[in-house]
Amino acid sequence: MFVAADSEWMAHALQLAQRGLLTTTPNPRVGCVLVKGGKNIGEGWHVRAGEPHAEVHALRAAGAAAQGATVYVTLEPCSHHGRTPPCAEALIGARVARVVCAMQDPNPQVAGQGIAKLRAAGMAVEAGLMEAAARELNIGFVSRMTRGLPFVRSKIAASLDGRTALANGVSQWITGAAARQDVQHWRARSCAVLTGIGTVLADDPQLNVREIAVERQPLRVVLDSTLRISPSARIVQGGGTLIYTVSAAAQKHDALTARGAEVIVMPSAAARLDLTAVLRDLAQRGINEVLVEAGKTLNGALLRAGLVDELVLYLAPQLLGDAARGIADLGELLRLEQKVELAWRDVRRVGGDLRITAEIKHV
């Protein structure tokens with residue numbers, strides 16, 4: 001049975017976990033607080049993979065006072081040996097009295113085993129407090145562990161009538177500076193930014209994080225079935241770029257590899273990339289969240305395949321007309337049942353534009 005104080009301390013643990021938003025990939029974002037006599041005696045959060053987990057930081061801060069304390073942690077303590085020892089064993093060794101978890105770890109290597117180990121050691125363990133908030137914070141990690149797919153978020157900048165560029169391809173800039181700055185935060189939290197060869201050829205984007213201090217850049221991913229990308233493209237420069245293709249052109253592979261890119265040849269279906277296979281490969285590489293920044297062709301293909309989980313749509317107060325390019329090529333829909341249905345998650349102004357965050361309702 002949870003009491004009001006439990007919610008207050010778990011809310012603090014979630015705030016701590018939030019501090020790892022840009023750094024923990026591929027690991028989950030986790031916060032931990034140790035409380036004794038109604039006071040915070042130690043806290044911590046997981047900063048980056050390979051370093052101590054949140055529980056270890058909190059236990060170190062508490063020292064010997066940890067004995068008999070209540071632990072508030074946003075994710076079930078791990079029970080297996082990975083890059084670091086099991087946190088469940090550290091809590092048992094510290095002789096804490098009670099552990100409150102926001103959610104069970106979806107990682108099959110843990111999946112309740114941490115809770116079971118703590119209970120077997122005689123500790124009182126409760127789970128499920130503020131679970132929705134903890135899941136939202138780790139939406140990509142949960143997706144990768146439960147579906148074998150990253151969480152896919154598509155960012156689109158459009159006019160009020162849903163147009164992303166003029167018919168001639170001109171699109172800079174539909175939205176204002178504040179919206180473009182806001183996009184940098186979505187890139188920074190993402191493990192990878194994905195685009196198609198059409199966008200690369202038209203805009204020559206870098207798709208890196210700018211104007212925000214970050215420790216790591218997201219992986220840049222290009223889908224290019226026939227390998228039309230130039231080795232001099234800006235997205236290839238500096239390394240950290242994956243190019244998925246079905247082309248086996250060795251000379252082009254060598255030129256791109258020499259620039260620091262990694263070229264991945266996938267099995268082809270009618271000379272096209274299998275989008276599900278691409279995303280599964282990214283998940284196997286530890287990619288939790290993917291931000292799609294692409295045109296109507298790739299956006300449409302991902303939506304038709306049911307692979308987009310969320311839209312982040314920036315709408316500018318302007319009209320570009322029917323001849324301009326649309327948001328997504330969905331083909332001709334003959335029945336309303338074919339529509340892509342959304343659920344609003346958040347609507348707010350960003351500078352002079354409107355930002356709508358919407359969940360894709362999967363059937």
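Is Arg 95 buried or exposed? With a relative accessible area of 55%, Arg 95 is exposed, where exposed means over 50%, buried under 20% and partly exposed in between (1.4 Å probe, protein chains only). The model is a predicted one, so to speak of local features takes a pLDDT of at least 70, and side-chain atom pairs count only at pLDDT 80 or more, while totals for chains, interfaces and linings use all residues. Residues are numbered from 1 along each chain as its sequence is written, and side-chain values use heavy atoms, with hydrogens and water left out.

Arg 95 sits in the loop between H3 and E4, just after H3. Helices (H or I, at least four residues) and strands (E, at least two) are DSSP runs, numbered from the N terminus. Phi of Arg 95 is near 60°, a positive value in a residue other than glycine. Most residues other than glycine have a negative phi, and most peptide bonds are trans.

Helix H3 itself spans residues 87–94, and its buried residues are Cys 87, Ala 88, Leu 91 and Ala 94. Down the axis of H3 these fall within an arc of 130°, so they line one face of the helix; the arc is that of the directions from the helix axis to the C-beta atoms. Their cover includes helix H2 (54–62), strand E3 (70–73), strand E4 (98–101) and helix H4 (113–120), contact here meaning heavy atoms within 4.5 Å.

Take H2 to begin with. H2 and H3 pack at about 20°, their axes 9 Å apart; axes are lines fitted to C-alpha atoms, for helices over the stretch in contact, and angles run from 0 to 180 degrees between N-to-C directions. That makes H2 roughly parallel to H3 (angles under 35 degrees count as roughly parallel, over 145 as roughly antiparallel, 65 to 115 as roughly perpendicular and the rest as oblique). The crossing of H2 and H3 is left-handed, meaning that the near helix is turned anticlockwise from the far one by less than a right angle, with clockwise giving a right-handed one. Glu 55, Val 56 and Leu 59 of H2 meet Cys 87, Ala 90, Leu 91 and Ala 94 of H3. By class, that contact has six nonpolar, no polar and one charged residues. Ala, Val, Leu, Ile, Met, Phe, Trp, Tyr, Cys and Pro count as nonpolar, Asp, Glu, Lys and Arg as charged, and the others, Gly among them, as polar.

H4 is the other helical partner to look at. H3 and H4 pack at an angle of about 20°, with axes 9 Å apart, which makes H3 roughly parallel to H4. Here the crossing is right-handed. Ala 88, Glu 89, Leu 91 and Ile 92 of H3 make the contact with Gly 114, Lys 117 and Leu 118 of H4, dividing into four nonpolar, one polar and two charged.

Back in H2, the buried residues are Ala 54, Glu 55, Val 56, Ala 58, Leu 59 and Ala 62. Strand E1 (31–36), strand E2 (39–45), E3 and H3 are among what covers them.

The loop between helix H1 (4–18) and E1 holds Val 30, which counts as buried at 7% relative accessibility. Val 30 touches residues including Ala 17, Trp 45, Ala 54 and Thr 74. Pro 26 lies in the loop between H1 and E1, and the peptide bond from Thr 25 to Pro 26 is cis, with omega near 5°.

Terms used: Lists of a residue's contacts leave out its neighbours within four places in sequence.
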